[in-house]
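Please take a moment to look over the sequence and the structure shown below before reading on. The briefing is meant to be read alongside them.

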Protein chains: 2
Amino acid sequence: MSTRSQLDHLRVVLVNTRNPLNIGAAARAMSNFGCFHLRVVHPYELAFREARSAVGASPLLASAEEFQSVDEAVADCTLVVGTTSVGHRELQHPVKRLEQAARLIRKRHATSRVAILFGSEKRGLSNEDLSHCHWLLRIPTREEHRSMNLGQAVAVCLYELARDPKAAASLEKHTAATAADLERINSILLDALRASGYVKSPASNSPKRRSAAPTDEKIRRLVHRLNLSSTDAELTLGILRQILWKSRSGNDPAVRPHD
Amino acid sequence: MSTRSQLDHLRVVLVNTRNPLNIGAAARAMSNFGCFHLRVVHPYELAFREARSAVGASPLLASAEEFQSVDEAVADCTLVVGTTSVGHRELQHPVKRLEQAARLIRKRHATSRVAILFGSEKRGLSNEDLSHCHWLLRIPTREEHRSMNLGQAVAVCLYELARDPKAAASLEKHTAATAADLERINSILLDALRASGYVKSPASNSPKRRSAAPTDEKIRRLVHRLNLSSTDAELTLGILRQILWKSRSGNDPAVRPHD
């Protein structure tokens, strides 16, 4: 993972989490996206460190820090962001969509610590918890089904922070076949089609000679539309050579090309 | 949720899923992001429709379609995308990062059906499953911990498809206070600071008169840095008026402003 996606200054703070499996799932997602600092504020079950759902993230879970209050858990952070799925709280705090929130978090994260708070599965963050936040973020779920699973919400937030906007625009690493490769394919394909009888083989002085051109062009356009990579062009050439050879040599299986 | 995020043409295909809780979790994430068509290819436990993890998504789970093969499950789709966390398969199929994959999926999804395949928790998609795919997508997890929880992977993919790139750039809906509001705050704050003795009240013909200016400016700069909204400016003015009144009227609690 590139340095820019390292989330070293981020603190994921789980407040009043009920199900230890969700703490484990959050830890796994954190490890997936390179965020290693988990803080837990009075979880319902203290045995969360053994959560089996933390597949591959046991060290992260073992080093999680426990706090008695949100206050202490965010004390060293310069930006504290609460998560919410509830619309009507929008009246009390500024709420930003995750896409925009991530931009602001990344900016602050470049120079100092940022905390993202996730509330309990049943009730989310309390108003008291929210009063420690600078603003809230909302994952853009449907109005009719806003509330996400906790582990999934953590995964989505961290993905948005780790995603690379440039990757979205980046061109496919596809070494396209050259025009010469395509023309070779086109020519052998036409030969194979003639040998197989799909296209009539034109006698050079036949009056039908001119009708071959549209077929040639139709085949050439087809070959171009395939958008072949240089590797696939080579593979296709090999296949066509074999087919052509077979069509011309009849059906004797003992005779092979290059034998 | 806006029409553009509706994922009507998308089919989420879970292949050989072992844990019914993961099918339920996938269903919940689908419902969160407005994708309602789940397909299941021979799951290990047939009782997946009762999965309690599908919080709020029971109808979606009830209407899931079961198939005996990947072949049948993707037959009506024009684009079939496999998900992978394994790097070395990159040799056999083109692999795109989710950010880029989502762009291509959205484009095709505008006009016809697209399937995204998720493999089993233990082994992912088999090579046979992958051979039905046009290309693969990879969620950009850390090299050292690539493998995500299934429900979280579904949530992250659907979030990326539903996210609004424009929302990332959108300006905050923050009606900033006017310069006149700030100047009123500045002036009352200075009065309050003089009344409290924090700033010395200058006699108009005192030789120290000129030293007041730097303090005024310091306070004005502070007020500007607060980046107050017009609502917060009003609140702040009210607080300062009360403090100023208190400082001037002494400590008699029975006397209140506007009484």
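Predicted model: local features only at pLDDT ≥ 70, side-chain atom pairs only at ≥ 80, totals over all residues.

**How the chains are related**
- The same surface serves both copies, since 97% of the contact residues of chain B recur in chain A.

**Where the chains meet**
- In chain B, 34 residues are in contact with 34 residues of chain A.
- At least two residues of the side of chain B that touches chain A come from each of helix H1 (20-32), helix H4 (98-109), helix H6 (150-162) and helix H7 (165-169) of chain B.
- H6(B) gives the most to this side, supplying six residues.
- Sorted by class, the side of chain B that touches chain A holds 14 nonpolar, 12 polar and eight charged residues.

**Helix H8 of chain A**
- Helix H8 of chain A, residues 179-196, has 18 residues and reaches 25 Å from its first C-alpha to its last, which is close to the 26 Å expected at 1.5 Å a residue.
- The buried residues of H8(A) are A:Ile185, A:Asn186, A:Leu189, A:Leu190 and A:Ala192.
- Seen down the axis of H8(A), these buried residues fall within an arc of 165°, and therefore they line one face of the helix.
- Just after H8(A), A:Gly197 takes a positive phi of about 90°.

Key: Residues numbered from 1 in each chain as written. Chains lettered and ligands numbered in written order. Helix = DSSP H or I, 4+ residues; strand = E, 2+ residues; numbered from the N terminus. Expected span 1.5 Å × (residues − 1). Buried ≥ 20, exposed ≤ 12 C-beta atoms within 10 Å, placed from the backbone. Arc of directions from axis to C-beta. Contact = placed C-beta atoms within 7 Å. Nonpolar A, V, L, I, M, F, W, Y, C, P; charged D, E, K, R; others polar.
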